[in-house]
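I opened the model to look up the ligand and the pockets. My entries follow in the order in which I made them.

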Amino acid sequence: MFNIVIFGKPGSGKGTQADFLKNKYDLYHISTGDLFRKNISNKTKLGLEAKSYLDKGDLVPDSVTIKMLENEVLSNKDVNGYIFDGFPRTLNQAESLDSFLVSINLKINATIALDVNENELISRLLDRGKINNRSDDQDIEKIKNRFNEYNTKTSILIDFYQKQDKFFSVDGKGTVDDITSRLFDLVDSLI
Ligand code: ADP
């Protein structure tokens, strides 16, 4: 089993690159953002609970998010490894993930950050907002709020994973192919 957390600010390319990593290393991809959006479009109870947070660009409360993540892992257990995309995003989520994984005899092997500056990210997100239906990608204030959530609640996880010797950063600028090959080189060196 090789379990990866793909880490980075909104728009850094986590979802795109997680897809390539999933295919190359035969991992099961869990995106908490995608799970929330699926629940919202299916109008489930969880979706109704999460909608107002996503609409504003706020993080969904840990109590909801952690349970959803654990259920997704437990429902997909016969896999070669997981790639966690968009989770954890708070210290509480990171600590819960560690203890949950221990309880099922697993661990995180590597946390890989995609490093891109905020100006580049704003233009990527506004471009993405023109082709998708995400209201949180179409409004500069919502984008800035998501960066603020990242900077105040998520960025401390760099230190959390550095202390465990599991944190790696990859330059997230350049073509999609360039970034994919940087990631493959890194993962090949860790496996
Ligand atoms: P992005 O990284 O571009 O913001 P995501 O699809 O990962 O896109 O997340 C979209 C939204 O889903 C977040 O702004 C937040 O509201 C919610 N969300 C996703 N993952 C989490 C999480 N781990 N904890 C809390 N909220 C989350």
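Predicted model: local features only at pLDDT ≥ 70, side-chain atom pairs only at ≥ 80, totals over all residues.

**Entry: around the ligand**

Residues are numbered from 1 along each chain as its sequence is written, and side-chain values use heavy atoms, with hydrogens and water left out.

I sorted the shell by residue type: Ala, Val, Leu, Ile, Met, Phe, Trp, Tyr, Cys and Pro count as nonpolar, Asp, Glu, Lys and Arg as charged, and the others, Gly among them, as polar. Helices (H or I, at least four residues) and strands (E, at least two) are DSSP runs, numbered from the N terminus.

**Entry: polar contacts and cover**

I then looked up pairs of N or O atoms within 3.5 Å. Lys14 has a polar side-chain atom 2.8 Å from an oxygen atom of the ligand. For Arg128, a polar side-chain atom lies 2.9 Å from an oxygen atom of the ligand. The ligand taken alone exposes 550 Å², and the protein buries 97% of that. The areas come from the Shrake-Rupley method with a 1.4 Å probe.

**Entry: the largest pocket**

Where does the ligand sit? It sits in the largest pocket, in the sense that more than half of its atoms lie within 2 Å of the pocket's grid points. A pocket is an open set of points on a 1 Å grid over the protein atoms alone, where a 1.4 Å probe fits, with protein on both sides within 12 Å along at least five of seven lines; lining residues have an atom within 4 Å of a point.

I read about 960 Å³ of space for the largest pocket, a volume being the space filled by probe spheres set on the points. Its lining has 46 residues, and Pro10, Lys14, Arg89, Arg128 and Arg134 lie nearest its centre. Elements giving two or more residues to this lining include β1 (4–7), α1 (14–25) and α6 (118–131). Helix α2 gives the most, with 5 residues. By type, the lining divides into 16 nonpolar, 17 polar and 13 charged residues.

**Entry: the second largest pocket**

I noted a volume of about 180 Å³ for the second largest pocket. Among its lining residues are Arg37, Lys51, Asp55 and Arg134. Helices α2 and α3 each give two or more residues to this lining, and α3 gives the most, with 3. The lining holds 2 nonpolar, 2 polar and 5 charged residues.

**Entry: the backbone**

Phe87 and Pro88 are joined by a cis peptide bond, with omega about 0 degrees. Pro88 is in the loop between β3 (82–85) and α5 (91–103). Lys43, in the loop between α2 and α3, has phi near 55 degrees, a positive value in a residue other than glycine.

Key. Polar contact = N/O pair within 3.5 Å; in protein donor to acceptor, adjacent residues only side chain to side chain.
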